[in-house]
Amino acid sequence: MPDDCSMAAIEPLLDHARTLAGWRWRGLVWLTGEPEECRCRARALWRSGDWDSPLWVAAQPPSGLEVRHWLAPSKARTRLGGEQGLLVIDAVSDDAGFDPDAFGALAGALRAGGLLVLMTPPDWGRRPDADYARLAEHPYRAEGLTAHYLRRLARQLCLASGVVHWPAAGEPRLPPLPTAPAVPPPSTDADCLTRDQADAVARLTRLRRRRPLVLTADRGRGKSAALGIACARLLAGGEPRILVTAPRPSAVAALFERLEALCPEGRRQGHAFVLGASRVAFLPPDELTALTRRGEVGGPGQRLLVDEAAAIPAALLGEWLEAFPRIAFATTVHGYEGSGRGFALRFRQRLEQRTPEWQACHLSAPIRWAAGDPLEALVTRLLLLDAEPGDALDAAPTLRRHRRAELADDESRLRELFGLLVQAHYRTTPSDLRRLLDGPEVGIATLATGIGPQAVLVTTDEGGFDAELAERVARGERRPRGHLMAQSLAAHAGCREALSGRLRRVLRIAVHPGQRRRGLGRRLLEAERQRARHDSIDLLGASFGAEAGLIAFWQALGFRAVRLGLTRETATGEHALMVVAPVSARGERLAADLQARFQRQLPGLLAFELEGLEPEVAAALLAEGEGPAPGPGDLGDIDDVAFGHREPALARPALQALARRAMAMGIPRGDPDLCLLVAWAFQGYRTTGLVARLQVSGQREVTARLRQAVAVLRERVA
C-alpha cells in the first residue's frame with residue numbers, strides 16, 4: 001500500500017494540529033484498522049507535517065524510518081524530561097501491544113501543538129494483545145487471558161469528546177473544539193515560565209530550619225525544573241552542598257538540565273554537579289538512608305531536596321525529616337510516579353507532629369501546554385491517574401468479591417477501588433490497573449458500604465509446580481514467568497515444596513484513611529484465609545518492606561517471617577520481607593520448615609550481611625524464634641557485665657540469651673534497652689554505628705550505656 005494512501009485526509013489533521021498549537025494544546029488521533037493500513041496513514045501524517053523531534057514507539061523499528069526516531073516501549077523512561085512534537089504509538093502490529101506505562105510516560109513528553117497517534121485494531125479490546133505476554137504467568141499464555149482492560153480503554157476513547165477517530169475505510173472524524181483558553185499572566189522571574197514556578201523557586205531558596213516545604217504539582221508543571229533553578233541560585237549564593245534524592249536518577253533529569261543551563265561554568269561529574277567548591281549531589285534513597293543512619297550526612301546546616309516523594313515510603317521520609325534541618329519534599333499529585341494524595345495522607349501526620357510549621361506550595365499552571373489541554377484530561381481518565389477513594393462511611397461494611405468483567409464496566413466503582421490501592425501504596429503504575437483487571441489468578445475482595453469500598457484486598461495464586469519443574473527451578477535451571485514469592489523461597493531458602501505447594505500471595509491490601517484502626521484489614525485477611533482453605537491453598541503469604549510497624553501487623557494475624565532480602569531496595573531503602581501463614585495441614589508443615597530455616601540463618605545474617613538492619617526490625621524477627629533461656633552460668637555473666645567490669649564481648653552468648661528472654665516475656669520490640677542489646681549482641685554493630693545511634697562521644701560511653709541496658713533488662717526478666 002503506497003504511503004500517499006491517505007493524503008486527502010492529512011490536511012484537515014494538520015489544520016487541527018495548527019489550531020491546537022495556537023492554543024498551546026495537544027490532541028490524540030486514534031487510528032483503527034489493519035496493521036499496514038494504520039502504519040500507512042501514520043507515515044503519511046509523519047511525512048506531511050513539520051514535526052519537531054517526532055518519535056515512533058513500536059516493538060520493532062518500521063521500515064524507512066531512521067533508528068533515532070524509533071523507541072521501544074520498554075525504553076520509555078529514557079525520554080522523561082524530553083519533548084516530542086509527534087508521537088506514534090503502535091498497538092496494532094502483530095508483535096506490538098499497548099504498554100500502559102510507556103503510554104503514560106510518553107504522553108507527558110508531547111509538547112503543545114503536538115499529536116499523539118495511537119494505532120489499534122478495529123476490534124480493540126476483544127482479545128489480549130502482544131504486550132499481555134508480560135502478564136501471562138506460568139502456565140498461562142497471553143492469548144488465554146481476558147482483555148477487560150483493553151475493552152475499557154476502547155470504550156473510553158469512543159466516549160471521549162476531544163479524540164480524532166480515523167477508522168478503517170473512513171475519513172478522520174474531527175471533534176468540535178471548545179472556546180480558546182484564557183492566557184495566564186506571564187512570570188516576572190526571567191528563569192521561570194509561570195508565576196507558580198517562580199513562587200516555588202522563591203520558597204525553595206528560603207527554606208528555614210525545621211520548616212519543611214511540601215511542593216506538589218501535576219505532571220508538566222515544572223516542578224523538577226523549579227528544584228534545579230533553586231539549586232542554581234543557592235550555589236551562586238555560596239551554598240557548599242545540596243543533596244538531592246528521588247526513586248531513580250531519571251526523575252531529576254530536569255533538575256540537572258536547569259543547573260547546567262543556568263550555571264554554564266559548572267560541570268557534571270556522574271550524578272553530581274560541581275560549581276567551584278560547591279556541589280549538588282544525587283543519592284539514591286538506600287544510599288542516602290545508610291549515610292544518614294551512620295551520621296555521615298545530615299545535621300546542622302544540611303539541605304536535602306526530595307523529588308517524587310510519593311514514590312518513597314513515608315518511614316524513610318520521616319528519617320530524613322529528622323536528619324536534615326532544611327528539607328523540601330516535591331511530588332507529583334497525579335501520575336505514574338505515585339499518588340501525591342496518598343503521600344499527603346500518610347505523611348502529613350508526621351509533619352504536624354515533628355514540624356508543625358511546615359509549608360505547602362502547589363503548582364497548578366501547566367508549562368508544556370496550556371490549561372484545559374484535552375490530551376492531559378484524556379490520558380488521566382484512560383489510566384486513572386487521578387483515581388481517588390470515595391467517602392468514608394461510619395457503618396458496618398459487608399464483604400464482597402468482585403468479578404473483574406463487571407468491575408471493568410463499572411467506572412465509578414473501579415475508580416474508587418483503584419484509588420484506595422493508589423493512596424495506600426508508595427508506588428503505583430498504570431500497568432497495575434491492567435494486572436488488576438486481567439492478570440491470571442487475581443482475586444479482589446472489598447469491605448464496602450452503600451457509598452463504596454472502605455477496604456480492598458488483591459491476591460494472586462502461585463506454585464502448584466510438578467516435582468520435576470520444582471527441582472529445576474530450585475537449581476536455577478528454569479525461571480517460569482511469575483510466581484515470584486514461591487520461586488524466591490525455593491531459590492533462596494532451598495525449599496522445593498514452596499513450588500509444589502499452593503501459595504496465595506497478597507499483592508495489595510488497603511484501608512480507607514477514614515476507616516483505619518477499626519480492624520478492616522484484619523477482617524479482610526481472616527476472610528481470605530477461610531476462602532484459601534476452601535480453595536485448597538496451603539499458604540497465605542505477603543512481601544513488603546521490613547518495617548517494625550508492618551511486621552507487628554502481620555505477626556498479630558499469625559504470619560511468620562520466612563525470608564529477608566540481604567540488600568536494601570534502591571527505591572524504598574528497606575529490606576524486602578516475606579511472611580506466610582498456613583491454611584492447610586501441608587501448609588503447617590511447610591510454614592514450620594520455612595520458619596525454622598530462616599531462624600537458623602538469622603543470627604548469622606545479622607552478624608554479617610544484615611549488620612545494618614534496624615535493631616527494632618531485628619528484634620521483631622528474632623522474637624519469632626526460640627532461643628535458650630539464660631542458665632545459672634549465664635546469669636552470673638550477665639551480672640558481671642551489668643554490675644561489674646566484665647568485658648561484654650566475653651559474655652556475648654549470655655547477653656544473647658538475655659535478649660531472647662526479654663523478647664519471650666513480651667518486652668516491646670522497640671524498647672530502647674532491648675534494641676541496644678540486640679544491635680550489640682547479634683549485629684556486631686561497629687562502635688561508630690552505635691556512637692551515631694546513641695549520640696554519644698565514644699566507645700567508653702557506648703559500653704556504659706550497654707551495661708545500663710543489661711542491668712535494666714536483667715531486672716525486668718528476673
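Student: Is the crossing of helix 13 and helix 14 left-handed or right-handed?
Tutor: The model is predicted, so local features need pLDDT of at least 70, side-chain atom pairs count only at pLDDT 80 or more, and totals for chains, interfaces and linings use all residues. Residues are numbered from 1 along each chain as its sequence is written, and side-chain values use heavy atoms, without hydrogens and water. A crossing is left-handed if the near helix is turned anticlockwise from the far one by less than a right angle, and right-handed if clockwise. For helix 13 and helix 14, the crossing is right-handed.

Student: Which residues of helix 14 make the contact with helix 13?
Tutor: Contact means heavy atoms within 4.5 Å. Helix 13 brings Leu-414, Leu-417, Phe-418 and Leu-421. From helix 14 come Asp-432, Leu-433, Leu-436 and Leu-437.

Student: At what angle do the axes of helix 13 and helix 14 cross?
Tutor: Helices are DSSP runs of H or I, at least four residues, numbered from the N terminus. Axes are lines fitted to C-alpha atoms over the stretch in contact, with angles from 0 to 180 degrees between N-to-C directions. Helix 13 (residues 411–424) and helix 14 (residues 430–438) have axes that come within 12 Å. They cross at roughly 120°.

Student: Is His-16 buried or exposed?
Tutor: His-16 sits in helix 1 (residues 7–22). Buried means under 20% relative accessible area, exposed over 50%, partly exposed in between (1.4 Å probe, protein chains only). His-16 has 7%, so it is buried.

Student: Which residues does His-16 contact, leaving aside neighbours within four places in sequence?
Tutor: Sequence neighbours within four places are set aside. What remains is Val-164, Leu-174, Pro-175 and Leu-177.

Student: How many residues of strand 21 are buried?
Tutor: Strands are DSSP runs of E, at least two residues. On one side of strand 21, Ala-576, Met-578, Val-580 and Pro-582 are buried. On the other, Leu-577, Val-579 and Ala-581 are buried. For strand 21 (residues 576–582), the count is seven of seven.

Student: How many bridges join strand 20 to strand 21?
Tutor: Two strands pair if DSSP finds at least two bridges between them. Strand 20 (residues 560–564) runs antiparallel to strand 21. Leu-564 stands opposite Leu-577. The number of bridges is four.

Student: What is the length of the polar contact between the side chains of Glu-37 and Arg-41?
Tutor: A polar contact is a pair of N or O atoms within 3.5 Å; within protein, one must be able to donate a hydrogen and the other to accept it, and residues adjacent in sequence count only if both atoms are side-chain atoms. Glu-37 lies in helix 2 (residues 35–48). Its side chain joins that of Arg-41 at 3.1 Å.
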